[in-house]
Amino acid sequence: MADFQSLDVLRRSASTETTPQIRAHPEVAKLIDVSRCIGCKACQAACMEWNDLRDDVGYFEGSYNNPGDLDPSTWTLMRFTEWEDPKGNLEWLIRKDGCMHCAEPGCLEACPSPGAIVQYANGIVDFISENCIGCGYCVKGCPFNIPRISQADHKAYKCTLCSDRVAVGMEPACVKACPTGAILFGTKSDMTAWAGERVEDLKSRGFDEAGLYDPAGVGGTHVMYVLHHADTPSIYAGLPDQPSISPVVQAWKGVMKPIAMAGLAFTAVVGFVHWMVAGPNEVQPEDEARGRDVLNEKQP
Amino acid sequence: MTNTWQDIKNANVILVMGGNAAEAHPCGFKWVVEAKMHNHARLVVVDPRFTRTASVADLYAPIRPGTDIAFLNGVMRYLIGKDAIQHEYVASFTNASLIVKEGFGFQDGLFSGFSPEKNDYDRSSWDYELGEDGFVKSDPTLQHPRCVYNLLKQHVDRYTPEMVERVCGTPQDKFLAVCELIATTAAPDKALTSMYALGWTQHSVGSQNIRAMAMVQLLLGNIGVAGGGMNALRGHSNIQGLTDVGLLSNLMPGYLNLPKDSEPSFADYMKTRAFRPLRPGQTSFWQNYGKFIVSLQKSNYGAVATADNDWAYDYLPKLDVPTYDILRAFELMAQGKINGYICQGFNPLQSFPNKKKIRAALGKLKFLVVMDPLETETASFWQNHGDKNPSDPSKIATEVFVLPTTCFAEEDGSLTNSSRWLQWHWKAADAPGEAKSDIAIMSGLFRRMRAMYAKDGGAFPDPILNLTWNYTNPIEPGPDELAREMNGKALVEVKDASGAVTLRAGQLLDGFAQLRDDGTTASGCWIYSGCWTERGNMMARRDATDPRDQGLAPNWAFAWPVNRRILYNRASADPSGKPWNPAKPLIQWNGSAWSGIDVPDYGPAVKPEAGVGPFIMLAEGMARLFARDQMREGPYPEHYEPFESPVPNLLHPKVGPNPVARVFAGDRADFGTAEQFPYVGTTYRLTEHFHFWTKHAKINAILQPEEFIEISEVLAKEKGIAQGEWVRLSSNRGFVVCKAYVTKRLKPMLVDGKPIHTIGMPIHWGFTGAARKGFGANVLTPFVGDANAETPEFKAFLVNVEKAAVPVA
């Protein structure tokens, strides 16, 4: 495997500076070919095995989605959608949901805790639990609704893209387990090229709108989908058509940050000017006397 | 499988009908994806439900459960009508040109020779017309009105697209689209693969379902070629191996069959198994039947089996009924005629039909021995679990012994997969607790029984006392030693006609061609001969080198027979020996011998002009579009309704279900009617679970936690059932209370103008394990099997559904 295993940090939450890099690394990507996926959930089982996660045994809730949603113990989830095209032909759209590892991660952007979320040089976005304060801002910051806060330890969890495996030259556990090769892993450029071939094949089978999902609104992602209907991603269990970081987060960490800094600076400057002009606020003898009275009254 | 898993990648069209490969065989399904990606293959799915396989298919057509023969006969009519058949293949390699004798006929749903009293046929008219030379007459021009081809044409003529739609509920446009795609593979260089499983076998016409598809494949010239074949996807790891070594009650290892009580002597037995060619110059493996059975008897009884005692023929049990299949066994148990039962790696309380009957039958036993790595429902059949397993333990006297066994990862051995590959595996961990290997347990039982017979005698102790048991460790024979025993060896020095020594005494055989009928060789399973030779354990080979990249990998493990990867591969070449598809050849005639990437399924030096047919297991050397007397329902497949059906048989209302299927009297009374049970029920597996095992594993239980049924949106609306609500699903044999999955993937079908609803039920839940407790689908299913193999009809029966209250926990 190529040199994917960098844990050099590209970005760090709530930090303006990162360590300079002495190495250059290719960006990695996981390509999920929805048109080859049979929804067997081997990826889900492998994720549970590798990360040692066990949810509770749940209930049947009206679909093959089990557990019913992502949660702190379920970092990837097959979502099944029964969809009929305008002609009434049924398609069963099965999408493996999980962290998209955005190039511009909304979670990292929103995170107020220094170093709780990092982006490695290979593109993986990872949560560093020891720095996590459980505030849940990453949940608000994520355009894909992925992170979940654990009620047990009040920390945020999501897919790590098996950063621990990738760090030692292995592919993510879900990729290894997939029996039909629907999940592939490699450099982002290789995955993009391969997706192109898959899209051509799908077009030859009548899927005119087949395409690659690598949304520009988040700077592209390091988990990409080959979709038969790339013109309407939202039919795949609500995959955002045009994801972007929430305006609130953007404003808070974007426009608001300099404004707030300016506000702080303004306060300091005004205070200094006031001090220069009005002088320091000193205690007068009357104040001392009033204070003594108060104290005396309070004594028994 | 006639072909292999890997070979599926060579297909141009893949038909998944009678199975759900993506769901039940996700790992093997990678080869379908491979065919789609690299061979531009088209995937066609015909199924009552829009399955996980359908979700990646190019074309999906719905079909009413239990009407596959009507569909396939319709396909044959289409192919013949459009002349989309591979002419030279059909004329040269099938029995299309052979003449059927006068007197054979078909009328109003019955073939000639039916006896309503016996519910069976006199099959003597289902045969060829023979000439004075004793060989079958033929008309290579296919003009003779009684040639197999014209009779077939006439037989399937009733199955028009309109009739297919009326019977199967498949819209004509969908049916014709499937036919069109299938027809493209009639080209000599195109292949269609048929992938099927229990969706075809679990019907009262199961064997004929498969036969109908095999006939489609023969008309298209797709048997014996790369990317073609009839590919049965076996449902358990090593169930192929179990079948090979004599799983069925009427079989012995290597598909040799048990004698009947009408065959008191070895000579009688051999008379009906002797090979008599029906065309000049034909050869057959079955010519060697005597060598196989004598070597088996020598393997079992050693020096005690001699020519003088007819190779210990008297030791073999003689069948007084066609089979002691599992349905008959439980019927006898229910009648109190079987009173002890050893249940090895089997959970009949969950897996056999009419759970109430199974439970009652087990309760009549004196003793039940359960050998299994897991806790099974069968071992706890006597426990009361309310509606899920109602029982009064105080009234059950059965003594139950549970003997924990090792599982595959806790022992060495070989597993035979669907591709007929024997793959050796190595122990990975010690077994927990008191678990012992099945071999150790069976050895223990045998040794104690033998000691008792030796001490106390008995009516006929000889077969037990004389059984060969010369293992290094008689308490637990090693899997390697057993494998060598199956492979076979020379018992004495064997010489050829010139007197040269060909095998020294004790030498392991290279293959079954070395077997002899004079008692000088032994082999426990002739088709496995070659698996462990003087060169070592062939099953342990792991060389994935793949000449021509066609997925054969001849040095990976061992495939029976004789490491042949694709059966009937002589048919991959035209009569002159040139490959039909030069891009994917298997074997071809090189002027002096058959050569290629596979082991020829043919005499390696038999010249093409010798006229020996490629189907060398058969007396005419040709594949049978007309089955002669080999199938109990008739030589051509005919549509018969399931035993519980919502509609009469539109083709012949007087003959509804399979006229020759066996139904026990009590079970007939348990059949329901469409008035009480208006919907069609069908059962199946989900990919998240393996039968009743994985509900013991937490991850699998998380992935599919709870029992449910699947019903269409239309039926749900009619019945006022909302998504995920509790329902009561009932048949005339019992009821299940579980949640409903209201889905678009099941749609009502118009059958003869009337909407028919199908309700699906996955099978996986019971009262043991980590998943939530459930009833099990076999509460509902009918106790009737296929007329030839007695596989129960789990795929089509009648049910009713209604809303239910939330059960009290």
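Q: Where in chain A is P67(A) found?
A: P67(A) lies in the loop between α1 and β3 of chain A, where helices (H or I, at least four residues) and strands (E, at least two) are DSSP runs, numbered from the N terminus. The model is a predicted one, in which local features need pLDDT of at least 70 and side-chain atom pairs count only at pLDDT 80 or more, while totals for chains, interfaces and linings use all residues. Residues are numbered from 1 along each chain as its sequence is written, and chains are lettered from A and ligands numbered from 1 in the order in which they are written.

Q: What makes the peptide bond from N66(A) to P67(A) worth noting, and where is there a cis bond in chain B?
A: The bond from N66(A) to P67(A) is cis, with omega near -5°. In chain B, a cis peptide bond joins W560(B) and P561(B), with omega about -10°, and P561(B) sits in the loop between β23 (558-559) and β24 (587-589) of that chain. Most peptide bonds are trans, and most residues other than glycine have a negative phi.

Q: Why is T687(B) called buried?
A: A residue is buried if 20 or more other C-beta atoms, placed from the backbone, lie within 10 Å of its own, exposed if 12 or fewer, and partly exposed in between. T687(B) has 23 C-beta neighbours inside 10 Å and therefore counts as buried, although its place is in the loop between β26 (679-684) and α20 (698-703) of chain B.

Q: Which residues does T687(B) touch, leaving out those up to four places away in sequence?
A: They are C40(A), E23(B), A24(B), P26(B) and R52(B), where contact means that the C-beta atoms of two residues, placed from the backbone, lie within 7 Å.

Q: What makes A237(A) and A557(B) stand out, and how do you know whether each is buried or partly exposed?
A: A237(A) has a positive phi of about 50° although it is not a glycine, and A557(B) likewise has a positive phi of about 50° without being a glycine. A237(A), in the loop between β11 (223-227) and α7 (247-253) of chain A, has 18 other C-beta atoms within 10 Å and so is partly exposed. A557(B), in the loop between β22 (536-537) and β23 of chain B, has 24 such neighbours inside 10 Å and so counts as buried.

Q: Why does G113(B) count as partly exposed?
A: G113(B) has 17 C-beta neighbours inside 10 Å, and therefore counts as partly exposed. This glycine is found in the loop between β5 (110-111) and β6 (114-115) of chain B, and beyond residues up to four places away in sequence it touches Y121(B), D122(B), R123(B), S124(B) and S125(B).

Q: How many residues of chain A are in contact with chain B, and of what classes are they?
A: In chain A, 30 residues are in contact with 33 residues of chain B. The elements that give two or more residues to this side of chain A are α1 (42-51), β3 (77-84) and β4 (90-97), with the largest share, 4 residues, coming from α1(A). By class, this side has 13 nonpolar, 8 polar and 9 charged residues; Ala, Val, Leu, Ile, Met, Phe, Trp, Tyr, Cys and Pro count as nonpolar, Asp, Glu, Lys and Arg as charged, and the others, Gly among them, as polar.

Q: What is the size of the largest nonpolar core, and what makes a set of residues such a core?
A: The largest nonpolar core has 222 residues, and those with the most contacts inside it are I14(B) and V148(B). A core is a set of buried Ala, Val, Leu, Ile, Met, Phe, Trp, Tyr and Cys residues joined through C-beta atoms within 7 Å. Leaving aside its neighbours within four places in sequence, I14(B) is in contact with residues including I8(B), V32(B), L43(B) and M195(B).

Q: Which residues of α18 of chain B are buried, and what covers them?
A: In helix α18 (residues 479-487) the buried residues are A483(B), E485(B), M486(B) and N487(B), and their cover includes α12 (289-301), β15 (413-416) and β21 (532-533) of chain B. After α18(B) comes G488(B), whose phi is positive, near 100°.
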